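The tour goes from the whole chain to a few selections.

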Amino acid sequence: MRAADWVLVTGNPGKRREAEEVLGRAVACVELDLPELQSDRLEEVLQAKAEEAWQRLRRPVVVEDTGLELDTLGGFPGPLVKWMLRAIGPDGIARIAIERDEPGAVARCMLMLRDGGGSVLAEGSTRGVLVLPGRGEGGFGWDPVFQPEGETRTYGELPAAVKSEIGHRGRAWRALLEKLRAA
């Protein structure tokens, strides 16, 4: 399958920019209001989104889901981070980890390409720590409070090219491209 054959299902301009950074080209996107399965398993959420997007569009789609796994909460909230962000914001999430003296976290992204012949799953992750106060104007979501291992800057402070190189989403896109090349 050629990269031009699929469409990225997202209305998030940040996710589109990060995909374009890795792919080095414009990415066709479509925004769909997909029902989001409430599960702590990222792959399960992704499979449901991919199937629904495929059924609606009947063309190859790439869907994405991201989670933030806090060490102090045994990996919670994972893919439920969106709801935690809405409830307490990025500073609130960081505060939970920092106040419990366990600021470690893993940022995880999964991508699934779904077409009539099946699906291809790819994953990327980045370990880091949550910090307060949040820093940086770049990125989105919890980027200002996530500092990847080996960095003194948060995702919100990193230039796009650096975030793409070391970040969970860039790693997932590169893994997907590698799987497609090998197929």
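**Pairing at strand 7**

Select strand 6 (residues 118-130) and strand 7 (residues 146-148). The two run antiparallel, joined by 3 bridges. Strands here are DSSP runs of E, at least two residues, and helices are runs of H or I, at least four residues, numbered from the N terminus. Two strands pair if DSSP finds at least two bridges between them. Now pick Val 129: its bridge partner in strand 7 is Gln 147.

Before going on, note that this is a predicted model, where local features need pLDDT of at least 70, side-chain atom pairs count only at pLDDT 80 or more, and totals for chains, interfaces and linings use all residues. Residues are numbered from 1 along each chain as its sequence is written, and side-chain values use heavy atoms, with hydrogens and water left out.

**Back along the hairpin**

A hairpin of 2 residues makes the link from strand 5 to strand 6. Which residue stands opposite Val 120 of strand 6? Select Leu 113 to see it.

**Ile 166 and its surroundings**

Next, show helix 4 (residues 160-166) and find Ile 166 in it. Leave out residues up to four places away in sequence, and Ile 166 touches Thr 126, Pro 148, Glu 151, Tyr 155, Leu 158 and Arg 171. A contact means heavy atoms within 4.5 Å. Then draw a distance from Ile 166 to Ser 125: their C-alpha atoms are separated by 9.0 Å, though the residues are 41 apart along the chain.

**Zoom out**

Show the whole chain as a cartoon. Count 5 helices and 7 strands. From the N terminus, the order is β-α-β-α-β-β-α-β-β-β-α-α. The C-alpha trace spans about 50 × 30 × 25 Å along its principal axes.

Of the 183 residues, 46% count as buried, that is, under 20% relative accessible area (1.4 Å probe, protein chains only). Contacts between residues 24 or more positions apart make up 52% of those with a separation of 6 or more.

Finally, color by charge. The chain has 25 positive and 29 negative charges, and their mean positions are 4 Å apart. Lys and Arg count as positive, Asp and Glu as negative; His and the chain ends are not counted. Each charge is placed at NZ of Lys, CZ of Arg, CG of Asp or CD of Glu.

Technical notes. Buried < 20%, exposed > 50% of the residue type's maximum accessible area, 1.4 Å probe, protein only.
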